[in-house]
Amino acid sequence: MTERQIVLQADRLSKRFGGNTVVNQVSISFTRGRLHSILGPNGAGKTTLFNLLTKDLTPDAGAIRLGDRDITSATPDQVAMLGVARSYQISSVFLEMSVRENVWIAAYRARRGNPFSFWRRAAAFSQPIDLANACLQRLDLLRIADAPVKELSYGDQRLLEISVTLACAPDVILLDEPTAGLSGKETARVKQVIRSLKDEFSIIMIEHNVGIVMDLSDEITVMNRGAVVAHGGPDDIRANRDVREAYFGR
Amino acid sequence: MNADGEPAGVSDAGVSKSGPHLVSIAKVACVIAAVAVLPLMMPINIATEIMIFGIFAMATNLLIGTAGLYSFGQAAFFGAGGYAAGFLLAHGWTSLPLVFGFAVVVTGLLAAAVGLVSIKRVGIYFMMLTFACNQLIYYAAYSWRSVTGGEDGLAGVRRPVLELPFVGAIPFDDNRVFYAFTAVLFLVAMAFLVRVVESPFGLVLAAARQNTRRAASLGYPVAKLQLVAFIIAGAVSGIAGALFGMLYRIVPIDSVHWFGSAYVVFMVVIGGTRSMIGPALGAFVFIWLQGLLSLTWSRWPLLLGLFVVATMIFQPDGLLALLTKRPAWLSGRRERSRS
């Protein structure tokens, strides 16, 4: 049996803000085709780890590898072009545009559109449209495709955020609390979508809804105070005492 | 999605219904009619000045309205364009493509240099850097008397000659002919800038204005795109400056002063940033009001300032929005202006 392929890997990654070490010597590897969740209480450094992996932040120490490429000194747009897409914890959609335009912008770049093309109208480019529509369809957003984003409910904006992430046509998807602030019905919908994505992408997910994490994850890493405290399958984690301490404070 | 497979619906610009429809045809007709009627309403040189500052304001709006880059140093490029073209015209080179080509190259390079220094800084730091570069270029122009004429301005600027096959040489010494020429350049500049705004490039600039980090995480090299926008805006401003020098046959040192940078931002903001018609309207109102008020009272800049303040407070979306929707103070509730 061949060894599982590592798609993204961090090696002794550290990040300090002033005197605070927010991410401390974290080594973690993500396997191709699996859903790997990161659990931990608020302030554990999960989102900072995401920001380091996508190069939104520059690590103070350590290295990041994407496949066999070192991306430690890459820029966020380069990381994106290498096939890493993310959703943000706080909705990061373009509020003054329509739903379709949001997804179109992601799809245009995913289809290797030239961002400097200023001599043709955007509407004249037909390649990204099928991808954009497919991603809207997947989150059931086609019905409101032409609505301005600022008129959308918070739940729909979160769904759009995921839709935009899919429109990047990535290999690796980082989801930062995809169900935060969603209603029960919307949460169920997102859970179903993530389940359907599992076969196509390598997914790394930060999520506080333990039920979703346990149901969907292949692997779980638990962080506390900037460090990895446990790693294993859902059953291992459920049985782990340290994890209970990190989560319930005792 | 409509029948021909293109996305419909638009907010900022970009991925909208393709092909001309009634509203855009009406807009084009209105703009052309306004440009044709303008010289009948006022002295021809004032009309020409409105066209020139319209070009300048539209170019600046690519930065302010689309990219969200509040540059307070655009007069540097307006003035540099004037000096570049004026220098050639004062020294006997009058070929039109040469003169404008030189102005575009000089201002494009200058904008590239200023942009490289300032684009990576955001907000107030970007403003201050563009402002400081403007001052730097002003003092360079002030000191470099052999080229710019220093305090006295670059005098002896002739108007260029357009050599056309079959038609022959067209001189622009007649002010009406020069107005027509400026008006054509105004319309071309507007068409060009509208196209830029509606292109993928313009759409991504607008996206980066709304959320820079998200635009980067979708794979866009935001700083490079903004630098290109800065160069385009600088070069088009340079064309406006070149025309200004030709209009009065002199490039005054004031044309590169930071006052000009502030005035053009006023024009953009009082007209409205959401389209290219807004800044053109702003230039019209500003220049026309300036002319009118200066006839009535020697302290006229006070009145102009009051007008700008009143517009900011009561009509933060710009005067153009008066034509398209009821202002907040009429409908009785206050909307926050867009940041």
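Biologist: Which strands of chain A does helix α1 lie across, and at what angle does α1 run to β7(A)?

Modeller: This is a predicted model, so take what follows as computed from it. Helix α1 covers residues 46-53 of chain A. It lies across β3, β6, β7 (172-176), β8 and β9 (219-224) of chain A, and its angle to β7(A) is about 150°.

Biologist: In what order do the strands of that open sheet come?

Modeller: Six strands of chain A make up the open sheet, and the pairing is mixed. Neighbouring strands are turned against each other by 15° on average, direction ignored. Reading across the sheet, the order is β6-β7-β8-β3-β9-β10.

Biologist: Which strands stand at the edges, and why is one side of each left without a neighbour?

Modeller: An edge strand here has a single partner strand, so one of its sides has no neighbour in the sheet. In chain A that applies to β6 (84-87) and β10 (227-232).

Biologist: OK, β6(A) then: which residue in β7(A) stands opposite Ser87(A)?

Modeller: β6(A) and β7(A) run parallel and are joined by four bridges. Within this pairing, the residue of β7(A) opposite Ser87(A) is Leu175(A).

Biologist: Are the faces of β6(A) covered or uncovered, and which residues sit on each side?

Modeller: In a regular strand, side chains alternate between the two faces of the sheet. For β6(A), Val84(A) and Arg86(A) are on one side, and they are buried. Ala85(A) and Ser87(A) are on the other and are buried as well, so both faces come out as covered.

Biologist: What about β3 of chain A: which residue of β8(A) is opposite His36(A)?

Modeller: β3 (residues 35-39) pairs with β8 (residues 202-206) of chain A in the parallel sense, over four bridges. His36(A) has as its opposite number in β8(A) Ile204(A).

Biologist: How is chain A divided into domains, and how many Å apart are their C-alpha centres?

Modeller: Domain 1 takes in 1-83 + 172-250, while domain 2 is 94-169. The C-alpha centres of these two domains of chain A lie 26 Å apart.

Biologist: Which helix gives the largest share of the side of domain 1 that touches domain 2 in chain A?

Modeller: Nine residues of domain 1 are in contact with eight of domain 2 in chain A. By class, the domain 1 side has six nonpolar, two polar and one charged residues. Its largest share, three residues, comes from residues 184-197 of chain A, helix α6.

Biologist: Now for chain B. Which helix of chain A gives the most to the side that touches chain B?

Modeller: Between the chains, 39 residues of chain A are in contact with 35 residues of chain B. On the chain A side, 22 are nonpolar, seven polar and ten charged. Helices α2 (76-81), α3 (99-110) and α4 (127-138) of chain A each supply at least two residues. The most, seven residues, comes from α3(A).

How values were computed: Residues are numbered from 1 along each chain as its sequence is written. Chains are lettered from A and ligands numbered from 1 in the order in which they are written. This is a predicted model: local features need pLDDT of at least 70, side-chain atom pairs count only at pLDDT 80 or more; totals for chains, interfaces and linings use all residues. Two strands pair if DSSP finds at least two bridges between them. Axes are lines fitted to C-alpha atoms, for helices over the stretch in contact, and angles run from 0 to 180 degrees between N-to-C directions. Two residues are in contact if their C-beta atoms, placed from the backbone, lie within 7 Å. Ala, Val, Leu, Ile, Met, Phe, Trp, Tyr, Cys and Pro count as nonpolar, Asp, Glu, Lys and Arg as charged, and the others, Gly among them, as polar. A residue is buried if 20 or more other C-beta atoms lie within 10 Å of its own, exposed if 12 or fewer, and partly exposed in between; C-beta atoms are placed from the backbone. Domain bounds come from an automatic or database domain assignment.
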